[in-house]
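Me: I have a protein model open and would like to learn how to read it. Could you walk me through a few features?

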Amino acid sequence: DYAWGQSTRDAYVEQIKKNGGEVTGTTGVPLGTADMTAFLSKISGAYDGLFGIFFGPQGISFVNQSYDLGIAKKARIAGDGAIVVATSLPAMGAKADGFVGVDRYIPLLEGKLNTPSHKKFLDESVARLAPLGVSLPDRYVQSNFEGVNFLKLGMERSKFRGREDSMKLIEALEGMEVKESDDFPQGDKTLRKDDHQAFVREFIFEIRDMKYKLLDIIPKEKTLVPAACKFA
């Protein structure tokens, strides 16, 4: 129940209605709420799906408590892929089965994700994360890795030497386009000049037996939305 959750909720509502669906209700859960029973138990009436907008411990609580209250048997549980990142799946177990999510990254070598560059990234990430007790990289590992590579490329193109070159670096990054490669294993990307928003391809997936099943890939060109501000 704060800006990110509210704006994502509004985006879900807009697109559901645009595609002929109906929204029977929404609710906001305060940040940090571990026990969502009071909120989830109030959900009633006829509905086919429940979309969640959470991450971290709250994502785990959302999935587990939706299952415990019987909501998962009544409707499809879906939402932001942050809910079921690889590090959270063990805490959900079979309760996450059937969850449908959308995310910018999933650690899966399948279809268009089965590339030499992604395999290299996945293998190296698994080896580096193992001492931390983490089995697979998630969206945060991927975006940090590629974010640093964006910065490196911008520094090279702007001939960045220090703080006095900050504007040159920003200008080099504005509008930058990169192709799928070892530095950008997730796929092609555009960093829009107007609002500094990155557009990347998105993955729709389902959780089955604590594993990701790829359902669809949305090209980055189809994720474009009008710029809401001007940073350039």
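Reply: Happy to. Arginine 128 and glutamate 124 are four residues apart in helix α5 (residues 116–129), so about one helical turn separates them. Keep in mind that this is a predicted model.

Me: What do the side chains of arginine 128 and glutamate 124 form?

Reply: The general idea is that side chains of opposite charge can pair when their charged atoms come close. Here, the side chains of arginine 128 and glutamate 124 meet in a salt bridge, with 3.0 Å from N to O. Arginine 128 counts as exposed, at 63% relative accessibility, while glutamate 124 is partly exposed at 39%.

Me: How many salt bridges are there by this rule?

Reply: The count comes to 16 salt bridges. One of them joins glutamate 206 and arginine 76, at 3.9 Å from N to O. This pair links distant parts of the chain: glutamate 206 sits in strand β7 (residues 202–208), arginine 76 sits in strand β2 (residues 76–80), and the two are 130 residues apart.

Me: Is glutamate 206 buried or exposed? And which residues are linked with it in a network?

Reply: A residue is called buried when its relative accessible area is under 20%. Glutamate 206 has a relative accessible area of 8%, so it is buried. Arginine 76, with 42%, is partly exposed. As for the network, salt bridges link Arg76, Glu206 and Arg208.

Me: How many cavities of 30 Å³ or more does the count give, and which residues line the largest cavity?

Reply: A cavity is a space where a probe fits but cannot get out. By this rule there is one cavity of 30 Å³ or more, and the space in the largest cavity is about 40 Å³. Its lining includes Gly81, Val84, Val85, Asp103, Tyr105 and Ile106. Also among the lining residues are Pro107, Asp138, Arg139, Phe205 and Tyr212. By kind, the lining divides into seven nonpolar, one polar and three charged residues.

Me: And on the surface, which residues form a nonpolar patch?

Reply: For a patch, look for nonpolar side chains that lie within 5 Å and belong to residues with over 30% relative accessible area. In this case the patch consists of Tyr2, Leu31, Phe55 and Tyr140, which together have about 390 Å² of accessible area. Tyrosine 140 is found in helix α6 (residues 139–158), and it counts as partly exposed at 35% relative accessibility.

Definitions and conventions. Residues numbered from 1 in each chain as written. Predicted model: local features only at pLDDT ≥ 70, side-chain atom pairs only at ≥ 80, totals over all residues. Heavy atoms only, no water. Patch = residues over 30% accessible without salt bridge, like charges linked within 9 Å, V, L, I, M, F, W, Y side chains within 5 Å. Areas by Shrake-Rupley, 256 points an atom, 1.4 Å probe, with all protein chains shown as cover. Salt bridge = Lys/Arg side-chain N within 4 Å of Asp/Glu carboxyl O. Buried < 20%, exposed > 50% of the residue type's maximum accessible area, 1.4 Å probe, protein only. 1 Å grid on protein atoms, 1.4 Å probe; cavity = no way out; pocket = protein on both sides within 12 Å on 5 of 7 lines; lining within 4 Å. Points joined across faces, edges and corners; volume = space filled by probe spheres on them. Nonpolar A, V, L, I, M, F, W, Y, C, P; charged D, E, K, R; others polar.
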